[in-house]
Amino acid sequence: MKFFNVKTVDETVNIIETHFAPIHEPVRVSIREAVGRVLAEDVYSREQVPPFARSTVDGYAVQAKTTYGASESMPAFLDITGKIQMGKRAEIPLLEGQAQYIPTGGMLPEGADSIVMIEHVEEVGDLLNVYRQVAPGENVIRAGDDVEIGEHVLHKGIRLRPQDLGLLAAIGITEVAVASIPVVGILSTGDEIVPPDKTELSPGEIRDINSVMIGSRLMQLGAEVIYGGIVQDEYEEFLARARALFGKVDFLLLSGGSSVGTRDFTVQVIEALGEPGVLVHGVATKPGKPTIIGKSQGKPVMGLPGHPVSALIMLDLLGVPILKQLQGESKDDFDKRFKARISRNVPSAVGRSDYIRVRLEEREDGLWAVPVFGKSGLVTTMVESDGIMEISANKEGILEGDHVKIKLFGKEI
Ligand SMILES: Nc1nc2c(c(=O)[nH]1)N[C@H]1C(S)=C(S)[C@@H](COP(=O)(O)OP(=O)(O)OC[C@H]3O[C@@H](n4cnc5c(N)ncnc54)[C@H](O)[C@@H]3O)O[C@H]1N2
Ligand code: MOO
């Protein structure tokens, strides 16, 4: 009898982390094209940012002590000795009792330690009436406040965000090493599966939901996708098509045929692609139990269950860690899912992790997660959901009002 030797999600993720690593050398790209890519080097700054002390407001550069006690009824009087030009060196040093006009972002003159905002002064010829006192450092960004020389600004393994690239621009680094874009292949199996563009379905036929869903999710995560089409449940043909696609990709995903039925050939195909073959067949989850993780010729192969809900959830749960490993992406230091309260009791079986589709509702007393129940063959249950929540393997269920952690769909990694 065929049976699954089921692993937990954590055990499977451990296996993924020990078996997979970047396949290709990093590539260097412009910071203008690096968003969403995984940084493949540590970045240190050779410069201070900003390189000089700057004003954060339009006003007058002063020495704070010369404004102490200044008020509407008792202004301080300072001599205006200059006007700082934007983008130019502040040429004239500032002495006690003096003020110089300075624009937002202008360079502080030597001797000045703060800026009085323009709203709090009045120019009377060469004299400045100051109606509000300022403290040293007020309205000033000092040299190096943002970045110091030698600072370790970005860590290898992060996925570059717009703000990370802005920081690189600030320190004059315009090219960085990033992980090469993983190329992922998708092959759908099933005698009943036909392409989505088939207008008239014959009895028993079903349109291929999984290819486009899996491909779209992987594209969202920055992968390049090659659609391998649909293959019948016939071992020789399946193997030939899988082998041809496998040669072109870094990661092969096979949809359907992952279970233990007589026409489920995915395991055999993965074994035939090369050593070591299947690493995991069966994960202690619902849905998604018949998931397969394999490795051949150093590359990952994943067999996703045919039911669309299971396929997408397992892709997120285990396919994404594979994609991360292929790019050398670091793991989050902490769980970034957010919490909501569950709107009703949800039973679960001990010994497996349950992933419940949920719709989020904002109520007066906070965020609530409303379960969207339905068989894992119903794709609309995913369309109606905002994300999934986990009931961990050691729990018999959760009670209405319990705080649960939600992972949103459609989120980048
Ligand atoms: N005796 C057992 N039978 C099944 C078990 C089990 O443990 N013992 N597990 C069930 C679970 S759970 C799932 S999930 C499915 C997974 O089966 P397969 O991965 O072998 O997938 P198929 O049999 O090929 O298809 C299942 C289902 O999904 C539909 N499907 C397949 N591919 C697509 C696609 N690309 N687009 C849309 N729909 C697709 C297919 O028509 C079937 O209805 O096994 C259970 N059986
Ligand atoms: O677990 Mo299957 O993956 O229920 O649909």
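**Notebook: backbone, ligand shell and cores**

I first located Pro276, which is found in strand β18 (residues 276-281); helices (H or I, at least four residues) and strands (E, at least two) are DSSP runs, numbered from the N terminus. I then noted that a cis peptide bond joins Glu275 and Pro276, with omega at about -10°.

I record that this is a predicted model, in which local features need pLDDT of at least 70, side-chain atom pairs count only at pLDDT 80 or more, and totals for chains, interfaces and linings use all residues. Residues are numbered from 1 along each chain as its sequence is written, while chains are lettered from A and ligands numbered from 1 in the order in which they are written.

**Backbone, continued**

I found the peptide bond from Lys286 to Pro287 to be cis also, with omega near 0°. Pro287 lies in the loop between β19 (285-286) and β20 (292-296).

I looked up two residues with positive phi that are not glycine: Asn139 at about 60° and Gln297 at about 50°. Asn139 is in the loop between β9 (127-130) and β10 (140-141), and Gln297 is in the loop between β20 and β21 (299-304). I class Asn139 as buried because 20 other C-beta atoms lie within 10 Å, and Gln297 as exposed because that count is 11. The cut-offs are 20 or more other C-beta atoms within 10 Å of the residue's own for buried, 12 or fewer for exposed, and partly exposed in between, with C-beta atoms placed from the backbone.

**Ligand 1**

I list 27 residues around ligand 1, with Asn210, Gly256, Ser259, Pro305 and Gly306 as the closest; a residue is near if its C-beta atom, placed from the backbone, lies within 6 Å. The elements giving two or more residues to this shell are α3 (210-220) and α6 (308-326).

**Cores**

I find 61 residues in the largest nonpolar core, where Ala242, Leu252 and Leu253 have the most contacts. A core is a set of buried Ala, Val, Leu, Ile, Met, Phe, Trp, Tyr and Cys residues joined through C-beta atoms within 7 Å. Helix α6 gives the most to this core, with 11 residues. The core draws at least three residues from each of domain 1 (9-24 + 180-326) and domain 4 (338-406); the bounds come from an automatic or database domain assignment.

Leaving aside neighbours within four places in sequence, I see Leu252 in contact (C-beta atoms, placed from the backbone, within 7 Å) with Gly185, Ala242, Leu245, Phe246 and Val301. I also noted a second, separate core of 22 residues, including Met107, Val121, Leu128 and Val134.

Notes: Two residues are in contact if their C-beta atoms, placed from the backbone, lie within 7 Å.
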